[in-house]
Amino acid sequence: MKAFVNENPGSIDEAVMLAQAALREGRSVSFAGGGTDLLQLVKERVPNRPGSGVPDVLVNLKRVAGIDQVTRNDQGGLTIGGLTSLTDLGANPQLRDRYAVLAEAADSVATRQIRNAGTLAGNVCQRPWCWYYRNGFDCYKAGGNQCFSIAGENQLHAIFGGGPSFIVHPSDLAPALVALDARFRVAGPGGDRSLSSNDFFVLPNEDVAHENVLGDDELLVSAVIPEPSGEIRSHFYKIMDRETWTHAVVSAAVVLEMDGEICRTARIVLGGVAPIPWRVPAAERLLADQRVTPELADSVGIASIEGARPLAKNAYKVPLTRRVVERAVLAAAARA
Amino acid sequence: MDEFREPDAADSAPENGDTSRSGSARQEGHTSEFDVSRRDFIGGTGATIVAANAMPLGAQEAAPSSGNDLAETEVPRSRIAITVNGARHQVDVEDRWTLNELLRDHLELTGSKLGCNRGECGACTVLVDGEPVYSCSTLAVWADGRSILTVEGLGEGGAISRLQQAFIEHNAPQCGFCTSGQLMSATALLERNANPTANEVREALAGNLCRCSNYNAIVEAVLAATETGGA
Ligand SMILES: Cc1cc2nc3c(=O)[nH]c(=O)nc-3n(C[C@H](O)[C@H](O)[C@H](O)COP(=O)(O)OP(=O)(O)OC[C@H]3O[C@@H](n4cnc5c(N)ncnc54)[C@H](O)[C@@H]3O)c2cc1C
Ligand code: SF4
Ligand code: FES
Ligand code: FES
């Protein structure tokens, strides 16, 4: 592996300072959570931060105190530290109880070994798994100026929101967090900021090289999930091309706010189909103030694929998305 | 998308996996108690190994986009304290060593294997503070202060563990390459759940491939090692 320096900051401020210091010296820097994504890139010499080469400095966040837990916050919601492991998320009773969609998403990731090491922040900030990028092609995501998938092997690529890069956002937690309307706390040189998870991710036509708003010296500290106003029923439904150990071909995170058997509002966010977690407002609206029936779920599925624009080899994702949404909505509504 | 990787130059380039391991033998100032035997081993197993890796680091590391790599003399190192199979070690490690490199190449614990070196096979599974992780996908420096259990540490007083015995009785290993990883995942499972169902065993071992495809025998063996013996 390329020689790099590992730094072990004990606090968020120190982590930011170390990153800034490295950048000032012209060295490339990456934050490390579990390293399950990052180390694969470093080994293959694929640039992690686009345009700045393979990292010279890794800022290991595992020694930062106090950001590896799920805690109830003053507003009645949950604050989830960015370094919380995926295993801990999946097993957390408060999540399982009230925000099942997030626990299910965490459980669906890869394998026990990866969930033990992998963190919430690392999962949300993982780089694309497009095979061109991962195999050393100098495409937009590596800091280059072309996309190889558009006219190439695009079976697993975007059917919504693509161009000029056609990646799909790889994170399973991201759709669940957006469906729960989470806010993200971000730390950087200018101090902390908090933004909606919806505004955290960026489409390639806004910033082709990055998947989110983070600068090279900014890190994701925590996710804050608001207290729901009513009863919540939620579900994460993931289709893979084998039973385990791989990213979603298509997934749906569904959160229904219920009043008895009537759905008041719904949030439906798709994974595996777009460069960001993809909300489908037209489908969500159909569920407002409705009883969830199989017929309605079918219409919601149809509404979810409005505006899909498949590439040469991924049209199969359109009907798949429709059925994934239909089933996810029914499964969420069936939760007692 | 990982499974559709196309073969590419990076896979056969010398730096993929091997450079840092050979680099360790060149390192002066490596003060681990295991270093001498490691060096003797390299010296003793023939000139070809040394020659194959004798290229100067600068040349080996001159892969694309590595313009600002550090020179060999500056390869960053750290001193860590780890417990491995109950024994405490102070070791000087290169920051870039994976935990697998430390265990296999420097502590001479070759029980955990290196298959894919990318989180896709499970042969390298070890327990860190009791939980299975891929030792190829975490760094040795990150294990500072942690307790590691490898297959060499299973069983007590020279005897193999009940699970290992069950592996033998049920012919769970065929070629045996995945076996240590399977054992570590199953050991952790039985620690948290003394009586798993067959499905729970399959789920817990989902992160360990067996290229011989001996899955049924492996699951049988784990069930036989449960408290109820799988009854
Ligand atoms: C074989 C395999 C299968 C996988 N399957 C899945 C899957 O099914 N679903 C899925 O969602 N993922 C999957 N992954 C991807 C991923 O490795 C894990 O999901 C994991 O959660 C990543 O977390 P980490 O802490 O190890 O990240 P790291 O490797 O530490 O980091 C990932 C990225 O995020 C950045 N980063 C880390 N922490 C922060 C922070 N606090 N702030 C800002 N940036 C940060 C890093 O610099 C890096 O770019 C898979 C990976 C492998 C190798
Ligand atoms: S889809 Fe994105 S990551 Fe893949 S080749 Fe195109 S620009 Fe690169
Ligand atoms: S060698 Fe670590 S998972 Fe294959
Ligand atoms: S026994 Fe050969 S790989 Fe499992």
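Biologist: What percentage of the 231 residues in chain B do buried residues make up?

Modeller: Buried residues make up 49% of the 231 residues in chain B, where buried means under 20% relative accessible area, exposed means over 50% and partly exposed lies in between (1.4 Å probe, protein chains only). This is a predicted model, in which local features need pLDDT of at least 70 and side-chain atom pairs count only at pLDDT 80 or more, while totals for chains, interfaces and linings use all residues. Residues are numbered from 1 along each chain as its sequence is written, chains are lettered from A and ligands numbered from 1 in the order in which they are written, and side-chain values use heavy atoms, with hydrogens and water left out.

Chain B has 10 helices and five strands; helices (H or I, at least four residues) and strands (E, at least two) are DSSP runs, numbered from the N terminus. Its accessible surface comes to about 10400 Å², with 53% belonging to carbon and sulfur atoms. Such areas come from the Shrake-Rupley method with a 1.4 Å probe, and for residues only the protein chains shown count as cover. Of the contacts in chain B with a separation of 6 or more, 59% are accounted for by residues 24 or more positions apart; contact means heavy atoms within 4.5 Å.

Leu102(B) is found in helix H6 (residues 99-106) of chain B and counts as buried because its relative accessible area is 0%. Leaving aside neighbours within four places in sequence, Leu102(B) is in contact with Ile80(B), Ile82(B), Val91(B), Val93(B), Trp97(B), Leu107(B) and Ala140(B). Cys175(B) sits in the loop between helix H7 (162-169) and helix H8 (179-192) of chain B. Its relative accessibility is 57%, so Cys175(B) counts as exposed. From the C-alpha atom of Cys175(B) to that of Asn214(B), 39 residues apart along the chain, the separation is 9.6 Å.

Chain A is divided into domain 1 (1-60) and domain 2 (231-333), with bounds from an automatic or database domain assignment. The C-alpha centres of these two domains of chain A lie 36 Å apart.

The largest nonpolar core has 46 residues, and Leu89(A), Leu102(A), Leu173(A), Leu177(A), Phe184(A) and Phe200(A) have the most contacts inside it. A nonpolar core is a set of buried Ala, Val, Leu, Ile, Met, Phe, Trp, Tyr and Cys residues joined through side-chain atoms within 4.5 Å. Helix H9 (residues 173-179) of chain A gives the largest share of this core, six residues. A second, separate core of 40 residues includes Tyr132(A), Ile159(A), Val273(A) and Ile305(A).

Not counting residues up to four places away in sequence, Leu177(A) touches Leu102(A), Leu120(A), Val124(A), Ala182(A), Phe184(A), Ser197(A), Ala223(A) and Ile225(A). In helix H5 (residues 100-107) of chain A, seven of the eight residues are buried, Leu102(A) and Glu104(A) among them.

Most residues other than glycine have a negative phi, and most peptide bonds are trans. Gly163(A) and Pro164(A) are joined by a cis peptide bond, with omega about 0°, and Pro164(A) is in the loop between H8 and H9 of chain A. Ile150(A) is in the loop between helix H8 (131-134) and H9 of chain A. Ile150(A) counts as partly exposed because its relative accessibility is 44%. The C-alpha atoms of Ile150(A) and Gly163(A), 13 residues apart along the chain, are separated by 8.5 Å.

Two residues other than glycine have a positive phi: Asp181(A), near 60°, and Trp245(A), near 70°. Asp181(A) is in the loop between H9 and strand S6 (183-188) of chain A, and with 35% relative accessibility it counts as partly exposed. Trp245(A) lies in the loop between strand S9 (231-239) and strand S10 (250-259) of chain A, and at 8% relative accessibility Trp245(A) counts as buried.
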